[in-house]
Amino acid sequence: MAERGEGMKWIVNNRMNAIYLIIAAFLLLLPFVYESRNMLILLTQIFVFAILAMSYDLLLGFTGIVSFGHAMFFGIGAYSIGIFMKRFEPTMLHFIYAVLATILITAIVSFIVGLLTLRLKSHFYAMLTMALAGLFLVLAEKWRTLTFGNDGFTFRVPEIFIDRTNFYIICLVTMIAVFMILKRFTNSPLGRVLQAIRENEQRTESLGYQVLHYKIAASVVSGVLAGIAGIFYAMSLRYVNTSVFTMDITLDALLMTIIGGVGTLVGAIIGAGLIEFAHDGLTELAKEHWIFERWIIFFGIIYILVVIFFPLGIVGTLRKFTWKRRKLESAKKKENLAG
Amino acid sequence: MSELLKINNIETYIGQYHILQGVTLEVKKGEVTVLLGRNGAGKTTTLRTIMGLNPASKGSIVFKGEEIQSLPTYTIAQKGIGYVPEDQGIFAGLTVEENMKVAIQKENEETHKRLDYILNLFPDLKKFWKKPGGLLSGGQKQMLSIARAYVNDNQLLLIDEPSKGLAPIVVEKVMESILQMKDQTTIVLVEQNFMMASTIGDCFYIIDDGRTVSTGPMKQLKEDEEMKRKYLGIA
Amino acid sequence: MELLFNLTLNGLATGMLIFLLAAGLTLIFGLMDVLNFAHGGLFAWGAYSGIWIYTTTGSFLFGIIGAILTGFLLGIITEKWIIKPVYGNHVQQILITLGLMLVLSEMLKVIWGPNQLTANPPEYLRGSWEIGDMIIIKYRVFIIVVGLLVFAGVQFLLKNTKIGLVVRAGVMNKEMVQALGINIKKVFMFVFMIGSGMAALGGVLFGPYSGVIHAGMGMEFAILAFIVVVIGGMGNFTGSVMAAILVGLSGSFMAYFVPELSLAVNMLLMAVVLIVKPQGLFGGKG
C-alpha cells in the first residue's frame, strides 16, 4: 500500500516526466507493432532534426544567441561520417573516429566563431555564422577530391545501423539522451547563468560572471550536438551532398525551435515533428496543386506571425496559459479560505 | 496661473526597477527651479520622464495646462520644452552648424534672432562653427547643447548637471550664461554643485529615493544646515 | 596590362553592385539598430521585377524605374508591418527579417517560376569600346557610373538636406534627435525606403551583368554585403562604399588567380576586422 502511495506521489509530482516516459515507451515499441517503413523513416528523420533543433534552442532559447549558420555544424558531422565510411571500411571503429572528428572540428569552429563575435552585438554572431556556413558550402562544392562536389556520394554504414528498426531505436535513444543531457545542462548552475545572460547580459556581467566564457561554452555545446545530428542524418540517407550546408537546414532548425517554443527543449522536438510531418504532407499535396511545392512559403508566413504574435511558440504559449490558470486557481483557493 | 509645469506624483519604472516613486513638482514661470539630491536619487530620471524618454507609469505632468505624460518625446519637445542631457547629447560627427540645424524646428525671423542672441552669449560656438561637435571641449559642448535647446521658442529648458566635469572657471562661464537666459525662459536645473545651484536657483526641490521630500525658496535651504547635511552631504 | 585593367573594371563593377546593397543595410542598421536579413530579398525582387518590365516593355529605363519603385514599395511594407512591431528587440528583429527573406525568395518562385531568367543589356549598352588593345565592356562602365552617381546623390542628401542631417544625427544619438522635436519614426520609414530602392536598383543592374537571375541570388549577394558592412563599419555610409570596392576588387582578382579562395579571402578580411577593429576599417561613425 505504502509503496503504491509513493508511486502515485511521484507521478503527481512529476506529471511532465511521467508523460515523457509514456511517450518514449510508446515510440520505442512502435516499430514492433506498427510496420510502416515510411512512418519509420519519417520518425527517424524527426528524431534527427529534433537533436538539431534542441542544439539550436540551447543557443537561441537559453542564451539568446542567434545563429544563421547552424547548417555548418550539421554539415561537418554529415561529411565527417560520409568521408570516414567512404574512405575506410564501414566499421564501428571508423564510426567512432568519425564521431570524434566531428566533435573536434565542430568544437574548434564554434569556439573560434564564438570568440570572434560573442563579445559584440548579437547581429555579428548571426552574420559571421551565416557567412562561414556559406564558406563551408563553397568548400564542399570545390574540394572535389574529398567531397565529390555538388553531386555528393553514397557510402555504406556499419552493420548495426543497416536495419531500419535498429537505426530508428538508436536515433530515438540518442535524441532522448540529448534531451536529458540538455535538460541537466540548462538546469545546472552554468545553465542558469546562460539564462541570466539571455534576460540581462549587463547585469549578469556586473554580478561578476565572465559572460563571454559562458556564451562560448553554449556555442560549443550547441555546435557539437548539431554535428552529431548531422552524423545521423547522413547515416539515415547513406548519402551526403552539399545540401547539408545550405541555409535550408539552418532555417529548418530555426522554424522548428521558434514554432515549437524557444527555451523549452520539448518545443524543439514538437516543432521538429510538426514541420517534418507537414513537409511530408505538403509534398504529397504538391502532386495535386503546384502551390504546395512552395510549401516553405507557408512556413515562412506562419513563422513571421509566430515571431510577432506568439514569440513563445506552442509550448511556451501553452505553459503561460496553464500558469495563468494555476495562478487563478490558487488565487481563488486563497479567496475561499479567506472567505 | 503662474505654474508653467506641474508634476503630480509621478512614478517611473526603468526595466523592472522602480526609479521614481512619487515625484511632485511645481515650476513657476520665469524662475529657475533646482533639483537637488544624492546620486541615484532620481533627478535625471525626473527630467527624462518629463521629456517622455522614460515615460511615467502613474501620475500626471501638466505643461501649459495640458497633460503631456503620455505623449511621444518629439511632441513634448515641439510643445516647447528644450532638453540638455547630462552627457550633452552632441552629435559628434556633425559640425556645430549642423548640430544647430538639426535643432531648429522652424526657420523664421524669430529663430534667427534667437540664434544671434545665443551665439553672442557663446562666441566660442561662432568660432568653431564649421568644426565637428566631437572636437569641442567639455565646456563648449555644454554651450552647444544649451544653445540647441534654446534656439527654438521653448518656454521651458531642462538642464541636467551643466557643471559636471568642467573646470571651475568654465563652470562660472556656463553659470553666467544661464543667469542671462533667466529672464527669457523658465529653467529646471539638476545640479550637484551647491554653489552654482544656490546662486542661480530661485527655489529648490530635494529628491531622495525617487520621492520629492522637501521644497521651498532657495534662501531657506541656504540657511538650513541640517537639511543640507541630511540630503546633500554638505557639512 | 589589359588583364589587370579588365580585372579592375570587373571588380569595380561588382563592388558597385555590392555597394548598392550594403549602403542601405548599413544606414538602416546605423539608424534603427536593425540588421535587415531580408535586404538580399529586395535585391532579388528588384532584379526580377525590373527584368520582367524590361523584357515586356523593351525599355531598360522602365525596368530600372520599375525596380526602384518595387524596392520603395517593399521597403515601406517591410518597415510598417514587419519591422515596426518588433522595434527594440534585437533577437526578434533578426528572426523576423530572416523569415521575410524566406517569404520574399519563395514568392519570386511563385510568381516567376523556379527557373532562372535570362537578361541581356539593351542595345546601346552592349558590346565594348576598344582603345589600343584594351577592350572596355560598356555595361561594366555603365554600372560603375550609376553606382558612383547614386553614391554622390545619397552623399549630397546626407550632407545638405535637413532630413539627411537628421539621419546622420540619428545614427549618432537617436534619443537626442527626438528630444529636439523630430519624429524619428518618419525618418526610419524614409531611410528604409531609400535603402530598399538602392538594393532593388542593384538587383536590376545585376541582371544583364551576369546574364541570368535566380531566386537564390539575394542570399549570395547579401553575404557579400554583410562582409562589406562589417569591414566598412556598421552605420558608416562612406565606409561602405570603400569596403564594397575593396571586396569587389579582391573578389575579381582572387576569382581569376585562385578561384577557390575568393570567398575565403573576404571572410578572412571580415574576421580580421572583427578582431582588430569591430567598429570597421574606415574610422568612426559618420
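# Exercises on chains B and C

Chain C has 11 helices and four strands; helices (H or I, at least four residues) and strands (E, at least two) are DSSP runs, numbered from the N terminus. This is a predicted model: local features need pLDDT of at least 70, side-chain atom pairs count only at pLDDT 80 or more, and totals for chains, interfaces and linings use all residues. Residues are numbered from 1 along each chain as its sequence is written, and chains are lettered from A and ligands numbered from 1 in the order in which they are written.

## Exercise 1: the build of chain C

Find out how compact chain C is for 286 residues.

Step 1. Take the radius of gyration over C-alpha atoms; the globule rule is 2.2 Å times the number of residues to the power 0.38. The radius for chain C is 18 Å, close to the 19 Å from the rule, so chain C is as compact as a globular protein of that length.

Step 2. The C-alpha trace spans about 60 × 45 × 35 Å along its principal axes.

Step 3. Check burial. A residue is buried if 20 or more other C-beta atoms lie within 10 Å of its own, exposed if 12 or fewer, and partly exposed in between, with C-beta atoms placed from the backbone. Of the 286 residues in chain C, 54% are buried.

## Exercise 2: where chain C touches chain B

Which helix of chain C gives the most to the side that touches chain B?

Step 1. Count the residues in contact (C-beta atoms, placed from the backbone, within 7 Å). Chain C brings 18 residues and chain B brings 20 residues.

Step 2. Look at the helices. Both α6 (162-172) and α7 (174-179) of chain C supply at least two residues each to this side. The most comes from α6(C), with six residues.

Step 3. Sort the chain C side by type. It has nine nonpolar, five polar and four charged residues. Here Ala, Val, Leu, Ile, Met, Phe, Trp, Tyr, Cys and Pro count as nonpolar, Asp, Glu, Lys and Arg as charged, and the others, Gly among them, as polar.

## Exercise 3: the sheet of chain B

Step 1. Write the order. Two strands pair if DSSP finds at least two bridges between them.

Step 2. Join the neighbours of β8(B). Strand β7 (residues 156-160) of chain B runs parallel to β8 (residues 186-190) of chain B, with five bridges. B:Asp160 stands opposite B:Val190, and B:Leu158 stands opposite B:Val188. Strand β3 (residues 32-36) of chain B also pairs with β8(B) in the parallel sense, over four bridges. There, B:Leu35 has B:Val190 as its bridge partner.

## Exercise 4: one residue in chain B

Is B:Met227 buried or partly exposed?

Step 1. Locate B:Met227. Its place is in helix α10 (residues 225-232) of chain B.

Step 2. Count neighbours. B:Met227 has 18 C-beta neighbours inside 10 Å, so it counts as partly exposed.

Step 3. List contacts. Leaving aside neighbours within four places in sequence, B:Met227 is in contact with B:Ser214 and B:Leu221.

Definitions and conventions
Two residues are in contact if their C-beta atoms, placed from the backbone, lie within 7 Å.
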